[in-house]
Number of protein chains: 2
Amino acid sequence: MKQSLGAVIFAYPTPIFLIGTYDNDGHPNIAPVSWGGICCAKPPCVTVSLRKATQTFANLIARKVFTISIPSESQLKQVDACGMTSGRSINKFVHARFTQARSQVVYAPYIKECLVIVECKVRHTFELGLHTQFIGEVLDVKADKSVILADGLVDLLRIRPLIFGPDTYEYYGVGKMLGKAFATGKKTRHHHADFP
Amino acid sequence: MKQSLGAVIFAYPTPIFLIGTYDNDGHPNIAPVSWGGICCAKPPCVTVSLRKATQTFANLIARKVFTISIPSESQLKQVDACGMTSGRSINKFVHARFTQARSQVVYAPYIKECLVIVECKVRHTFELGLHTQFIGEVLDVKADKSVILADGLVDLLRIRPLIFGPDTYEYYGVGKMLGKAFATGKKTRHHHADFP
């Protein structure tokens, strides 16, 4: 039996991206964002949504480049600390005890301790309402060698990224690997599904 | 030590949304999408990206409404079966042994067995390249009473949604609850972070 919750923001699960930018004076900022994800394969693009009131919004408008540092479970307290303050007046890298590094690909900072870094250039900016959506073209991805498998692919379970629950405001880890895509479904093949 | 992976699509973790639509003849379709997420709080909006070659793309252009059925771990084989076929010639609800229901809010079908349903109207369509991004305004969310907590919030761990690994093409579950947002970070407060 289902119950209506109204017109709420609710889509599970959402990621935690730490968005790295510089302001006009070169001050670094790092902000956790959960309204985001992959949005195009060619060119490879990611989307992040921000409120105009944030320092990261201002920095993205000014600089048009950013990094995404993907945090791990072990960095949870530091991630949450980044979300509890504004980058307008303090250096959140220092506040959260992250080491700041500068991307060699875009003029933006990233977190040295994070295992995966995505370097992006803003391609589109769409006004949606309270949030503005920035579409970033991925120029490069860097992964720590410790999370790269023998076949060159990156192992999610070695990164142990965080998941955000948008309803309860809780953080979760990633659980077990459950199956391979385009393979697990073979067992349910049904041959009487043709449209009449 | 980090290694460059090039300009690849890589942002962790991504969700699994099952997008429900009707075509021009009223045939239902259900398609798993991982390039999507929340993109605005007011109005509440979600984004889903699709290739032009898909039946769901054609249906969204024609109908401008859709549902998202959020699948659970127990439905993994059925979800993967939906991703292994095209809705052009077969009824994927029947193929994957899902029960089709019709939304009372938008002209679109959803999966009766899924615990959370999001009903959306397309507000914007943005051409990004191989993928087109559809921004859907959330008109209503419906959750099974079994996943709603006493305080009215929805428990992620009762839904047990699926996560997709875009690099290895694997499905994962959600792990443990690790902490509350805007609370866990208090313990790292650092008072010497002000900009000079």
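Here is a short chat about a predicted model with chains A and B.

Me: Start me off with chain A. How many helices and strands does chain A have?
Reply: Chain A has 4 helices and 13 strands. This is a predicted model, so keep that in mind.

Me: What size of box do its C-alpha atoms fill?
Reply: Roughly 65 × 45 × 35 Å, taken along the principal axes.

Me: And what percentage of chain A counts as buried?
Reply: 61% of the 196 residues of chain A.

Me: What about contacts in chain A between residues at least 6 apart in sequence: what share join residues at least 24 apart?
Reply: The share is 57%.

Me: Switching to the interface. How many residues of chain B are in contact with chain A?
Reply: 111 residues of chain B are in contact. They touch 111 residues of chain A.

Me: How much area do the two chains bury between them?
Reply: About 10,100 Å². Of that, 67% is on carbon and sulfur atoms.

Me: Why give an area at all?
Reply: The size of an interface is often given as the accessible area lost when the parts come together.

Me: How many salt bridges cross the interface?
Reply: The rule finds 2 between chain B and chain A. One of them joins the side chains of B:K180 and A:E170, at 3.5 Å from N to O.

Me: How many residue pairs are in polar contact there?
Reply: The count between chain B and chain A is 47, with both residues at pLDDT 80 or more.

Me: Which element gives the largest share of chain B's side?
Reply: Strand 13 of chain B, residues 170-180. It supplies 11 residues to the side that touches chain A.

Me: How do the residues on that side of chain B divide?
Reply: There are 63 nonpolar, 28 polar and 20 charged residues.

Me: Now sheets. What is the strand order in the open sheet of 6 strands?
Reply: The order is 2(A)-12(A)-13(A)-13(B)-12(B)-2(B). The pairing is antiparallel.

Me: Which strands stand at the edges?
Reply: Strand 2 of chain A and strand 2 of chain B, each covering 14-15. Each has a single partner strand, so one side of each is left without a neighbour in the sheet.

Me: How many bridges join strand 2 of chain A to strand 12 of chain A?
Reply: 2 bridges, and the strands run antiparallel. In strand 12 of chain A, A:I163 is the bridge partner of A:P15.

Me: Which strand of chain B pairs with strand 1 of chain A?
Reply: Strand 11 of chain B, residues 131-144. The pair is antiparallel over 4 bridges. There, A:G6 has B:V141 as its bridge partner.

How values were computed
Residues are numbered from 1 along each chain as its sequence is written. Chains are lettered from A and ligands numbered from 1 in the order in which they are written. This is a predicted model: local features need pLDDT of at least 70, side-chain atom pairs count only at pLDDT 80 or more; totals for chains, interfaces and linings use all residues. Side-chain values use heavy atoms; hydrogens and water are left out. Contact means heavy atoms within 4.5 Å. Buried area is the accessible area (1.4 Å probe) that two parts lose on being put together, summed over both. A salt bridge is a side-chain nitrogen of Lys or Arg within 4 Å of a carboxyl oxygen of Asp or Glu. A polar contact is a pair of N or O atoms within 3.5 Å; within protein, one must be able to donate a hydrogen and the other to accept it, and residues adjacent in sequence count only if both atoms are side-chain atoms. Ala, Val, Leu, Ile, Met, Phe, Trp, Tyr, Cys and Pro count as nonpolar, Asp, Glu, Lys and Arg as charged, and the others, Gly among them, as polar. Two strands pair if DSSP finds at least two bridges between them. Buried means under 20% relative accessible area, exposed over 50%, partly exposed in between (1.4 Å probe, protein chains only).
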